[in-house]
Amino acid sequence: MIPKGTPRLDNAYKLIAFAGSPQAQANLTQYIPYAPGNKEAVALIDPAILLNVPTAPDHMARAQPMNNAFWAEKGDELNQRFTAWLAK
């Protein structure tokens, strides 16, 4: 987010460009195994670290795809059932 009226608008855009760059995103995985938001970063991640990143290519090959239609139809009902189960 860039605050409206900031006198440092150019620097704000530079920071956003840097933070979203493939190398910066790949570097973050050295400290915490979060998936990078930039797809190009995956190729720059150390293979030993990539094993722990949730969106590593090997993990995504076995991932269960999200079924938005199912959750739109059944989400409220299942959340209620889950909440009732937790309350027991």
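This note sets out points on the predicted model shown above.

1. **Placement of Asn-38.** Asn-38 belongs to the loop that runs between α2 (22–28) and α3 (47–50). Although it is a loop residue, Asn-38 has a relative accessibility of 17%. It is therefore classed as buried, the limit for that class being under 20%.

2. **Polar contacts of the Asn-38 side chain.** Two backbone atoms deserve mention here. The backbone oxygen of Gly-20 is 2.8 Å from a polar atom of the Asn-38 side chain. The backbone nitrogen of Glu-40 is 2.9 Å from a polar atom of that side chain.

3. **Surroundings of Asn-38.** Which residues does Asn-38 contact, leaving aside its neighbours within four places in sequence? They are Gly-20, Ser-21, Pro-22 and Gln-25. Of these, Pro-22 lies in helix α2, and Gln-25 is likewise placed in helix α2. By contrast, Asn-68, at 30 residues from Asn-38 in sequence, is 23 Å from it in space, C-alpha to C-alpha.

4. **Pro-22.** When residues up to four places away in sequence are not counted, Pro-22 touches Asn-38, Glu-40, Ala-41 and Leu-44. Pro-22 has 22% relative accessibility and counts as partly exposed.

5. **Gln-25.** This residue of helix α2 is buried, its relative accessible area being 15%. Not counting residues up to four places away in sequence, Gln-25 touches Ala-19, Gly-20, Pro-36, Gly-37, Asn-38 and Ala-41.

6. **Lys-39.** Is Lys-39 buried or exposed? Lys-39 is exposed, with a relative accessible area of 77%, whereas Asn-38 is buried. Lys-39, too, is found in the loop between α2 and α3. From Lys-39 to Thr-29 the separation is ten residues in sequence and 13 Å in space, C-alpha to C-alpha.

7. **Nonpolar surface patch.** Leu-9, Tyr-13 and Ile-16 make up a nonpolar patch on the surface, and their accessible area together is about 300 Å². Leu-9 lies in helix α1, which spans residues 9–19. The relative accessible area of Leu-9 is 37%, and this residue is partly exposed. Leu-9 can therefore be a patch member on the accessibility criterion, because that criterion asks for over 30% relative accessible area.

8. **Aromatic pairs.** How many aromatic pairs does a search of the whole structure find? The search finds two. One of them joins Phe-70 and Trp-71, with 5.2 Å from centre to centre and 85 degrees between the planes. The pair is edge-to-face because planes over 60 degrees apart are assigned to that class. Phe-70 is partly exposed at a relative accessible area of 36%, and Trp-71 is partly exposed at 41%.

Technical notes
Residues are numbered from 1 along each chain as its sequence is written. This is a predicted model: local features need pLDDT of at least 70, side-chain atom pairs count only at pLDDT 80 or more; totals for chains, interfaces and linings use all residues. Side-chain values use heavy atoms; hydrogens and water are left out. Rings of Phe, Tyr and Trp (its six-membered ring) pair if their centres lie within 6.5 Å; planes under 30 degrees apart count as stacked, over 60 as edge-to-face and the rest as tilted. Buried means under 20% relative accessible area, exposed over 50%, partly exposed in between (1.4 Å probe, protein chains only). Patches are made of residues with over 30% relative accessible area and no salt bridge: like charges are joined within 9 Å, nonpolar side chains (Val, Leu, Ile, Met, Phe, Trp, Tyr) within 5 Å. Accessible areas come from the Shrake-Rupley method with a 1.4 Å probe; for residues, only the protein chains shown count as cover. A salt bridge is a side-chain nitrogen of Lys or Arg within 4 Å of a carboxyl oxygen of Asp or Glu. Helices (H or I, at least four residues) and strands (E, at least two) are DSSP runs, numbered from the N terminus. A polar contact is a pair of N or O atoms within 3.5 Å; within protein, one must be able to donate a hydrogen and the other to accept it, and residues adjacent in sequence count only if both atoms are side-chain atoms. Contact means heavy atoms within 4.5 Å.
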